[in-house]
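Here is a quick walk through some local features of one protein model. Have the sequence and the structure open while you read.

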Amino acid sequence: MQKSEAAYISTLKQPISTGIPGLDDILCGGIPPGGVVILEGEPGTGKTTIGMQFLVEGAIKHNEPGIYITFEELPEQIYDDMERFGWNLKELERRNLLRVICIEPEILLEQMLEPNGLFEHMIKEIGCKRVVMDSISLFRLLSSEQEARTNVYTIRNIMRKHALTSFFIREYSEVEGMNIPFENYICDGIIRLSLKPLMEKYRKRTIEVLKMRGTRILEGEHTYKFIEDGVYIIPSLSMAEDKILVQETEVLSTGIDSLDDLLMGGIPKGSVFMIDTNSKANYRYLLSSIYAQRIKDDDCTVTMMSGNTTLDMFADTIDLFGVSLRQAADEGKAHFIEHYKRAVDSGLEKALIRVDDVENDEYANTLNEKLSPIFECEELCDKRWFIYYDLNTIISERGKDFVVKYFSEEISLWRALGITVMAHCNFSEIGTETASFLERTCNGVIRTWVDGNYQYLQVTKSPSGRVSAPHIVANISETPFVRLV
């Protein structure tokens, strides 16, 4: 009795590396073992190249022999075409790591169904693990749709029976895309290759994983190029990494697992991050979680209070995360910069640094005079320090020009001391020039905004160079009260 599809998927173990640079990243590791994947695209998108690269890389790097089945091209033509990438297919065949076979679809199906037939003989002869079939579109041309569906379904089951991880190449056009072909329902995954306009005069090639059972995927279209040794895929939402910060092994958790995942583990110690919010976004629990986690991890903190949140309100919010701000203040591990003449709980008054009467030209000196003894305290000198800035407050009270000058100077100082900084600002309200300056100053930017009925969050800059797709901010009942979906 055949296993059900769910039972089959449950048996999958470590993913099979495609060996194609960038594709394993998009597939979050690779293709589930034994998966049958449609590789579809227009002429000229590189379906044959990607299919053969999948086999060559598997043979050379993972000792997983493969079979390339073609219904239309002669092997000699394929040998010549692939040689430009440095792939000596004949040598791989001599080593029993590859077979390139040209055969008619009807004969192939006949041999696959025959016990100990040609197909099964080849599999056993080389210990085959991977198969590429080019192209299954021919089954549609040679038979009715019902017959084609039955044939492709049969071939898929035979691939699964022999635990062969397979690419089924299929011709695709945008016109056909109006109707979903039956192959897409039968197979485990769909990878689509496309040609798109680029800057009016040019064309770019994109790859998108539309479906892949048994693994997560990085959604969206990703650009790929033909280079000297095959296809090279550049996953979207990626930039150059900050190698100095990335090499820093210590990262600070945000207290939100899903956000830590987007940040490749958390916020690198000594980095500067900015949270950009629009006027509708509720960032209260996001920031509170990050701050509360610093207290939980026994870090020392300095917080610039917001104009719309009193210190007592902030302490009550942090209490929701199981952290006592008052205890941290009593131990000298929590300090607060206050721009407003507001009454404060007596348990927190001693931790306040009031700057409401300080003029702009004295602001930096005043703060440094008050903070230096705190940073240099012998009991706390070996602690990690975390600073939170509400830049909206400084802009409101002291102006954008002051922020541009002051923030860059302070950031240089904090970086030199290895202090981690999280700042908050609404870029849309401060103008493009100031926002661009602040973004350049930071190592990372987390943007959160409301669009319609949902709040979204996206990492738009990070030391790792990875930028996330937008995630919905979902409310949950337990700490940290938010989850990114």
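Start with N63, which is exposed because its relative accessible area is 58%, over the 50% cut-off. Keep in mind that this is a predicted model. N63 sits in the loop between helix 3 and strand 2 (66–70). Its backbone stands out a bit: phi is positive, about 50°, although N63 is not a glycine.

D298 is another residue other than glycine with a positive phi, in this case near 65°. You'll find D298 in the loop between helix 13 (284–296) and strand 13 (300–304). With a relative accessibility of 30%, D298 counts as partly exposed.

Step back from N63 and you're in helix 3, which N63 follows. Helix 3 covers residues 47–62, 16 residues in total. From first C-alpha to last it reaches 22 Å, close to the 22 Å expected at 1.5 Å a residue.

How many of the residues of helix 3 are buried? Twelve of the 16 are, so helix 3 is largely enclosed by the rest of the structure.

An α-helix has 3.6 residues a turn, so residues three or four places apart point the same way.

## Salt bridges elsewhere

The salt-bridge count comes to 26. One of them pairs R384 with E250, and here the closest N and O atoms are 2.5 Å apart. R384 lies in the loop between helix 17 (360–375) and strand 16 (385–390), while E250 lies in the loop between helix 11 (243–246) and strand 10 (251–252), so the pair ties together parts that are 134 residues apart in sequence. E250 counts as partly exposed, at 29% relative accessibility.

Then there's R354, whose side chain meets that of E349 in a salt bridge at 3.6 Å, N to O. R354 is partly exposed at 26% relative accessible area, and E349 counts as partly exposed too, at 34%. As for shared partners, salt bridges join E250, R294, D297, D299 and R384 into one network.

## Helix 19 against helix 21

How do helix 19 and helix 21 run relative to each other? Helix 19 (residues 400–416) and helix 21 (residues 432–441) pack at an angle of about 0°, and their axes are 11 Å apart. They are therefore roughly parallel to each other.

On the helix 19 side, the contact is made by K400, V403, V404, F407, S408, I411 and R415. Helix 21 brings T434, F437, L438 and T441. Sorted by class, the contact has six nonpolar, three polar and two charged residues.

T317 is in helix 14 (residues 311–319) and counts as buried at 3% relative accessibility. Leaving aside neighbours within four places in sequence, T317 is in contact with R284, Y285 and S288. T317 and S288 are 29 residues apart in sequence, with 7.2 Å between their C-alpha atoms.

T393, found in helix 18 (residues 391–398), also counts as buried at 3% relative accessibility. Apart from neighbours within four places in sequence, T393 is in contact with M305, S306, G307, H339 and Y340.

I180 is exposed, with a relative accessible area of 57%. I180 belongs to the loop between strand 5 (165–171) and helix 10 (183–186). I180 and E40 are 140 residues apart in sequence and 13 Å apart in space, C-alpha to C-alpha.

S135 sits in the loop between strand 4 (130–134) and helix 8 (137–142).

The bond from T479 to P480 is cis as well, with omega near 5°. P480 has its place in the loop between strand 20 (471–475) and strand 21 (482–484).

How values were computed:
Residues are numbered from 1 along each chain as its sequence is written. This is a predicted model: local features need pLDDT of at least 70, side-chain atom pairs count only at pLDDT 80 or more; totals for chains, interfaces and linings use all residues. Side-chain values use heavy atoms; hydrogens and water are left out. Helices (H or I, at least four residues) and strands (E, at least two) are DSSP runs, numbered from the N terminus. The expected span of a helix is 1.5 Å times one less than its number of residues. Buried means under 20% relative accessible area, exposed over 50%, partly exposed in between (1.4 Å probe, protein chains only). Axes are lines fitted to C-alpha atoms, for helices over the stretch in contact, and angles run from 0 to 180 degrees between N-to-C directions. Angles under 35 degrees count as roughly parallel, over 145 as roughly antiparallel, 65 to 115 as roughly perpendicular and the rest as oblique. Contact means heavy atoms within 4.5 Å. Ala, Val, Leu, Ile, Met, Phe, Trp, Tyr, Cys and Pro count as nonpolar, Asp, Glu, Lys and Arg as charged, and the others, Gly among them, as polar. A salt bridge is a side-chain nitrogen of Lys or Arg within 4 Å of a carboxyl oxygen of Asp or Glu.
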